[in-house]
Amino acid sequence: MRISAMESSSTGTVAGGGRRQATRQKLYEAAVTLIAEQGFSATTVEEIAERAGVAKGTVYYNFASKNDLFEELLRHGVGLLTESLRTAAESTEARGGTRVEALDEMIRAGLVFIDRYPAFTQLYVAELWRTNRTWQSTLMVVRREAVAVVETVLREGVERGELSAEIDVPLTAAALVGMVLVAALDWQSFQSERSLDDVHSALSLLLRGRVSGNR
């Protein structure tokens, strides 16, 4: 259930700002671990503060409520995932790779993220299917941002003739993101003996056989 050291998605924080960010990191890690273990409703602010090694007042200094903390945790975590996907696409572009190769690198980046933050990923996937949470609209926004990165690469692939013009870009992008999330969680829960490279190779074959059409 680890989610250790979820990095800040911003740069250049120093002094007081850096200390506050470090405190928020502790609270994110404590919250996601506890909620993964016992559920959101059963987890109290007192438990989060104790797990993070801070006073209860520190939680309320940084977040208005437990709901606010969890909403920001979702925004922060999905933001890191989105940035990792974007970086993979841009790195492939910079070295002259194709858009199919970019999608393949994005799959690997997604697997690396999930392997590093499995507890967060489990919570994220679970929350996607809940409709009675106050943070549902925020979750939909950040999910959309992640999927949009994949959509951009798919559209570029179609424009360059690497991918079929018949591809339903929005649905295919969502399917690719979903494939990585579900396959990675299945890997960690039921096939943990397999390496990340092994799982990536299997998903890469699906990508190249189904999306690229072996072109």
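1. The side chains of Glu-71 and Arg-75 meet in a salt bridge, with 3.8 Å from N to O; the term stands for a side-chain nitrogen of Lys or Arg within 4 Å of a carboxyl oxygen of Asp or Glu. Because they are four residues apart in helix H4, Glu-71 and Arg-75 are separated by about one helical turn. Helices here are DSSP runs (H or I, at least four residues), numbered from the N terminus. Glu-71 is buried at a relative accessible area of 17%, whereas Arg-75, at 36%, counts as partly exposed; buried means under 20% relative accessible area, exposed over 50%, and partly exposed in between, with a 1.4 Å probe and protein chains only.

2. Please keep in mind that this is a predicted model, in which local features need pLDDT of at least 70 and side-chain atom pairs count only at pLDDT 80 or more, while totals for chains, interfaces and linings use all residues. Residues are numbered from 1 along each chain as its sequence is written, and side-chain values use heavy atoms, with hydrogens and water left out.

3. The whole structure holds 16 salt bridges, and one of them joins Arg-208 to Asp-104, whose closest N and O atoms are 3.4 Å apart. Since Arg-208 lies in helix H9 and Asp-104 in helix H5, this pair ties together parts that are 104 residues apart in sequence. Asp-104 is buried, with a relative accessible area of 7%, while Arg-208 is partly exposed at 32%.

4. In soluble globular proteins, nonpolar side chains tend to be buried together.

5. Leaving aside residues up to four places away in sequence, Gln-136 touches Glu-127, Leu-128, Arg-130 and Thr-131, where contact means heavy atoms within 4.5 Å.

6. Salt bridges that share partners join Glu-93, Arg-99, Glu-156 and Arg-160 into one network. A separate pair to look at is Asp-198 and Arg-194, whose side chains meet in a salt bridge of 2.8 Å, N to O; Asp-198 is partly exposed at 31% relative accessible area, and Arg-194 is partly exposed at 29%.

Conventions
Helices (H or I, at least four residues) and strands (E, at least two) are DSSP runs, numbered from the N terminus.
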